[in-house]
Amino acid sequence: MKIIQFAAENVKKLRVVAITPKGNVVQITGPNGSGKSSVLDAIFMALAGKSAAPSKPVRDGEEKASITLDLGEIVVTRKFTKDGGTSLTVATADGAKYASPQQMLDKLLGTLTFDPLAFSRMPPKEQRTELGTLLGITAQLDKLEIERARCVTERTAESREVKSAIARRDAVLISADVLERVDVAAVMAEINHAQEENAGLHRLLNERASEEKQIRHDRERVIILREKAQDLLDEANELEQNAVQAEQMLQATVVLQQEIDIAPLRQRVLDAQNINAELDRREQRRVLDEEVQAGEKAVAHLTKCITEFETAKAALVQGAAMPIPGLGFTADGVTYNSLPLEQASSAEQLRVSVAIAMAANPKLRVLRIKDGSLLDEASLALLEEMVDAQDFQVWIERVDTSGTVGIIMEDGTAREASAAAPTELAEVA
């Protein structure tokens, strides 16, 4: 269905306008403020309903407004009153009316029906959602992207852990010698025993020194006693005899030992500690080796998962009926010929946007472009080529004061470019 005839009265800036379009490209031209936007908005208001209407749809100074769209198979009539009231009638060509007219119209409307260039102006993620919704694969794509993003996050974390484990493992330096663990406690016990033996020996030496001191003292006393008197000689002789006997007994009973050298034992402890530290490092490296291997295995598994998600997404996109060849999806937007759509040329973006808009509207084959002044001659030619090829109709608003292009708006009325002057009710055929 396309618009066969458009009629509007007192809608926004329009007075009374009737347009019977010729061809598939309908250009609404004129200076700013002449009513161009009101024509395209009226089409939108007629089909989309009250939610598409501005707060004041009725022209200033008027009590009511009306819009009629003849779509061939059906005729849509939308009316507004100054106080905010509205009514809708949708009738077949033979006059039969639909019981739920807005429901019927909603089934005809695509999301991009009224401005295909809106797709090119969307942020990349909104473009992705719009195209995915059109193809019916948004939910599946989102699920795949969520799972893929989870795998990427986990792989990044796992790779970081693997690098950390490798660094920690390589920092543990080990020798190539074959070693056996040494019982340091046993060597320490030997040291303690040697120290106890040495302590006993020191006690004996001290006792010997004390005895020797006493002997010297006794001999000194002998000399003194001999000097005192003869009567003490016997006592001195007795003391001398006692001293001799004590010395003989001391020599017979005390066997001196050599002090035990514990330096070699301490060296054995150091050697044992070094050996055991080396074995500890080897065990540490073994544990870290296992950690690295487990991490690398996990990274490989996650990489496989990511590849599988990419394959599933590619199969999903490949199986979708794309509006135009070369379209694709990323997590952040839409691609065209493998490049982000925003990097495509203006002509490519126009081609993609119009193709998507047409795919979204298989029944109501009407498009609307409000920023038509942004299109150069080459873009207009491309647009005309596409709508002619698919038998679509596009209404374009363009600022033009030459009076030689399309349907010319002047103070809320319309005339053809070839007409001499506007009429109060401009029948444009």
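This is a predicted model: local features need pLDDT of at least 70, side-chain atom pairs count only at pLDDT 80 or more; totals for chains, interfaces and linings use all residues.

Reader: At what angle do α9 and α10 pack?
Author: About 25°, with axes 10 Å apart; α9 covers residues 346-359 and α10 residues 377-390. Axes are lines fitted to C-alpha atoms, for helices over the stretch in contact, and angles run from 0 to 180 degrees between N-to-C directions. Helices are DSSP runs (H or I, at least four residues), numbered from the N terminus.

Reader: Which residues meet there?
Author: A347, L350, R351, V354, A355 and M358 in α9 meet S379, L382, L383, M386, V387 and Q390 in α10. Contact means heavy atoms within 4.5 Å.

Reader: Switching topic. Which residues of α4 and α5 make their contact?
Author: Helix α4 (residues 124-135) and helix α5 (residues 138-170) pack at about 130°, axes 8 Å apart. R128, T129, G132 and T133 of α4 touch T138, L141, D142 and E145 of α5.

Reader: And what lines the largest pocket?
Author: L117, S120, R121, S346, Q349, L350, L374, L375 and S379. Helices α3 (117-121) and α9 each supply at least two lining residues. A pocket is an open set of points on a 1 Å grid over the protein atoms alone, where a 1.4 Å probe fits, with protein on both sides within 12 Å along at least five of seven lines; lining residues have an atom within 4 Å of a point.

Technical notes
Residues are numbered from 1 along each chain as its sequence is written. Side-chain values use heavy atoms; hydrogens and water are left out.
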